Amino acid sequence: MTGVTCAVHLDGVSKSFGDRPAVCDLSLKIWPGAIYGFLGPNGAGKTTTMRLILGIYLPDSGSVSVLGHEDPRLVRERIGYLPEERGLYPRMRVLDQVAYFGALKGLSDLESRSRAGDLLDKYGLGSCSQLRCQALSKGMAQKVQILATLIHEPDLVILDEPFSGLDPVNRDLMRDVIIGLRERGASVIFSTHITEQAEQICDHVVLIDGGRKLLDGATQQVRAAAGGAVHLEYEGDISMLAGLPDVQRVNDAGRQAEIILAEGGDPQVVLRSLVEHAVTVLAFDLRQPSLHEVFIRSVNRSAAEVSLG
């Protein structure tokens, strides 16, 4: 990345509200054209970090640089933000609503209405353009808000829990939208506590808990550093695996499981035990541990360190 300016650079940033620290000495670099996932439990500091990047909050210490500017408020017209708390003007017509957000970001009335119409057609909402927003279903309203976030073609897109409340069809749509943003060179930050979604589409992830960064790295590198695992699809009782010295932990979802191998653990020992206990093995694949496993392990380790401290 030599010679390339960070889309976002946080350097030793801290933010407290009264005597409650929300973000503690956080440093991050987010590069252009990357999909960057903010992971962490509820209350971890993800939304506060996003609002620091947006310039809604100012840091108590440290510095925030966004799109080459030390004051994020100077580049808000180049940023798209979808807050966790959704909101549309209920009596405004759908086309007018999307165009209005374009005008707020500096587009002319003609251009904003043209882009709004094109976006609504592209994402299957053209027939709804003259409906009032209060008449939309929850999923349709969510799609309208997403389009309003993107109408000005921002260079940096910040999405706070964008998959929350979406049905499977619209979750796929959101995933495709995020990937499309990367393809046109935009940087995307999105927060989620659903690690499977981050694993599917993120180039880079950061895990925040208690306002502190627990890990930060390329998604595949983060998973690879966590050791070995087996993906198992099965029928039967796999409770015996918990007693094997080759197994550190079993994340069992019923009919599918992630088996975390102990250091030096032999997957063939695991497979042999399953066969000996008459478990029907439908799939048995060596894989890197999932982000879910990395998440749980890191948060548990952090909690134990706080307890001991």
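**View 1. Gly139, Lys143, Ile146 and Leu150 of helix H4 meet Asn170, Leu173, Met174, Val177 and Leu181 of helix H5.** Contact means heavy atoms within 4.5 Å. By class, this contact of H4 with H5 has six nonpolar, two polar and one charged residues. Ala, Val, Leu, Ile, Met, Phe, Trp, Tyr, Cys and Pro count as nonpolar, Asp, Glu, Lys and Arg as charged, and the others, Gly among them, as polar. The axes of H4 and H5 (residues 168-183) come within 11 Å and cross at roughly 10 degrees. H4 and H5 are therefore roughly parallel to each other. Angles under 35 degrees count as roughly parallel, over 145 as roughly antiparallel, 65 to 115 as roughly perpendicular and the rest as oblique. Axes are lines fitted to C-alpha atoms, for helices over the stretch in contact, and angles run from 0 to 180 degrees between N-to-C directions. Helices (H or I, at least four residues) and strands (E, at least two) are DSSP runs, numbered from the N terminus.

The model is predicted: local features need pLDDT of at least 70, side-chain atom pairs count only at pLDDT 80 or more, and totals for chains, interfaces and linings use all residues. Residues are numbered from 1 along each chain as its sequence is written, and side-chain values use heavy atoms, with hydrogens and water left out.

**View 2. Helix H2 (residues 94-104) crosses helix H4 (residues 138-150) at roughly 30 degrees.** Their axes come within 7 Å. H2 and H4 are therefore roughly parallel to each other. Val94, Gln97, Val98 and Phe101 of H2 make the contact with Val144, Leu147 and Ala148 of H4. By class, six of these residues are nonpolar, one is polar and none is charged.

**View 3. Three strands form an open sheet in the order E2-E1-E4, with antiparallel pairing.** Two strands pair if DSSP finds at least two bridges between them. Strands E2 (20-30) and E4 (61-66) stand at the edges, each with a single partner strand, so one side of each has no neighbour in the sheet. The twist averages 25 degrees from one strand to the next. Seven bridges join E1 (residues 8-17) to E2. Ser16 stands opposite Pro21 in E2.

**View 4. Helix H1 (residues 46-54) lies across E1, E2 and E4.** H1 runs at about 120 degrees to E1.

**View 5. The domain assignment gives domain 1 (8-88 + 136-222) and domain 2 (227-287).** Such bounds come from an automatic or database domain assignment. The C-alpha centres of the two domains lie 35 Å apart.
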